[in-house]
Amino acid sequence: MPRQVVFLVHGIGDHKKGWSKPVVKYLDTVGERYASVEGPISDQVVFKEIAYGDVFDKQLARWDADVDAVAANGIVPQAKDAVAWMDGITEGGFVWTHLGDVVLFLSRKTRAAAVSEVVAQMARAIADENDPDTEFSIIAHSMGTAMTMEAVNALATPIPGIGWTGLPPDFRFREVMMLSNTSRFLQRPDLRADIESRLLPKKLRTTGLCSTYRNVFHQRDPVSWVRRFSLTATTDAGYLAVPIEHYHARNIHGFTHYLEHPAVHGAVLRLPRAANL
């Protein structure tokens, strides 16, 4: 079986370096439930963490500095009062570690910087693999699905600034698993996720860059239903719409809660060895 490399891409929230360790550990724990899985899945698959939270943190820090400057130097007294409510709002509260991420992603400049960071990390990992038979897959969650969609489109073209010559002509991601897919909800006007994107099955779109695209959405997760991603395609074309409904945690939108469902973790466990499940 070819070497399996899986990119893990997080969604909204506070994700520092090392954020994926609990996710990988969770997959190892899930694998222990099945007698057919031979050892920890982390010994059979190389999981590559993708993190872009630092880009948002730096932008928030700049905003904090701007607020402080206005409060200290505002010529009009009312200006100080107008920005006083913002002081400290970016310091780790739920608003800016969750909703604030979406606001920042909708900013063209911050979005471009975050996507560039994801592209650089993926490009480096792909370039470092010397075996041409290595198979790459992606598991992206929430806002990370929109980030992944843009990053894969960028990877398809040369990027001289980072020494990237573009994906090899025959390159395909084996599995793309989009959990609580926001790629259509957060898409740019000039890059439709369901039509113009290259992150689509090759059998469905001639320019597609994956073999299988799993669109996983929890029936009660509101994030999954806002401008929901959908394709008119069959499994023969490599597209699978995967509706799930399970309740194992209060946060049904969570990354690991999605992985808890057999329709999700089963596809991961089968990557290195079909007989695993």
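Biologist: Why is Asn181 called buried in this predicted model?
Modeller: Its relative accessibility is 3%. Buried means under 20%. The value is under the cut-off, so Asn181 counts as buried.

Biologist: Where does Asn181 lie, and which residues is Asn181 in contact with?
Modeller: Asn181 lies in the loop between S4 and S5. Leaving aside neighbours within four places in sequence, Asn181 is in contact with Thr145, Tyr213, Asn215, Val216 and Phe229.

Biologist: What makes the pairing of the Asn181 and Ser183 side chains a polar contact?
Modeller: The distance is 2.8 Å. The cut-off for N or O atoms is within 3.5 Å. A polar contact of 3.2 Å also joins the side chains of Asn181 and Asn215. That value, too, is within 3.5 Å.

Biologist: Now Arg174. Why is Arg174 called partly exposed?
Modeller: Arg174 has 23% relative accessibility. Buried needs under 20%, exposed needs over 50%. The value falls in between, so Arg174 is partly exposed.

Biologist: What surrounds Arg174?
Modeller: Arg174 has its place in strand S4. Beyond its neighbours within four places in sequence, its contacts are Met1, Gln4, Glu135, Phe136, Ser137, Ser211, Thr212, Arg270 and Leu271. With Gln4, the side chain of Arg174 makes a polar contact of 3.2 Å.

Biologist: How many salt bridges does the structure hold?
Modeller: The structure holds 12. Side chains of opposite charge can pair when their charged atoms come close. One of the salt bridges joins Arg33 and Glu260, with the closest N and O atoms 2.9 Å apart. Arg33 is in the loop between helix H1 and S2, Glu260 in the loop between helix H8 and H9. The two are 227 residues apart.

Biologist: Are Arg33 and Glu260 buried or partly exposed, and what makes them so?
Modeller: Arg33 has a relative accessible area of 46%, so Arg33 is partly exposed. Glu260 has 10%, which is under 20%, so Glu260 is buried.

Biologist: What makes the meeting of Glu150 and Arg111 a salt bridge?
Modeller: N to O is 2.6 Å. That is within 4 Å. Glu150 sits in helix H6 and Arg111 in helix H5, 39 residues apart. Glu150 is buried, because its relative accessible area of 7% is under 20%. Arg111 also has 7% relative accessibility and counts as buried.

Biologist: Which residues make up the network that includes Arg111 and Glu150?
Modeller: Arg111, Glu150, Arg188 and Asp190. Salt bridges that share partners join them.

Biologist: Which residues have the most contacts inside the largest nonpolar core?
Modeller: Phe7, Phe56, Ile138 and Phe173, in a core of 46 residues. H5 gives the most to this core, with eight residues. A second, separate core has 25 residues, including Val6, Val24, Phe255 and Ala267.

Biologist: What makes helix H9 mostly covered?
Modeller: Six of its eight residues are buried. They are Val264, His265, Gly266, Ala267, Val268 and Leu269.

Notes
Residues numbered from 1 in each chain as written. Predicted model: local features only at pLDDT ≥ 70, side-chain atom pairs only at ≥ 80, totals over all residues. Heavy atoms only, no water. Core = buried A, V, L, I, M, F, W, Y, C linked by side-chain atoms within 4.5 Å. Buried < 20%, exposed > 50% of the residue type's maximum accessible area, 1.4 Å probe, protein only. Helix = DSSP H or I, 4+ residues; strand = E, 2+ residues; numbered from the N terminus. Polar contact = N/O pair within 3.5 Å; in protein donor to acceptor, adjacent residues only side chain to side chain. Contact = heavy atoms within 4.5 Å. Salt bridge = Lys/Arg side-chain N within 4 Å of Asp/Glu carboxyl O.
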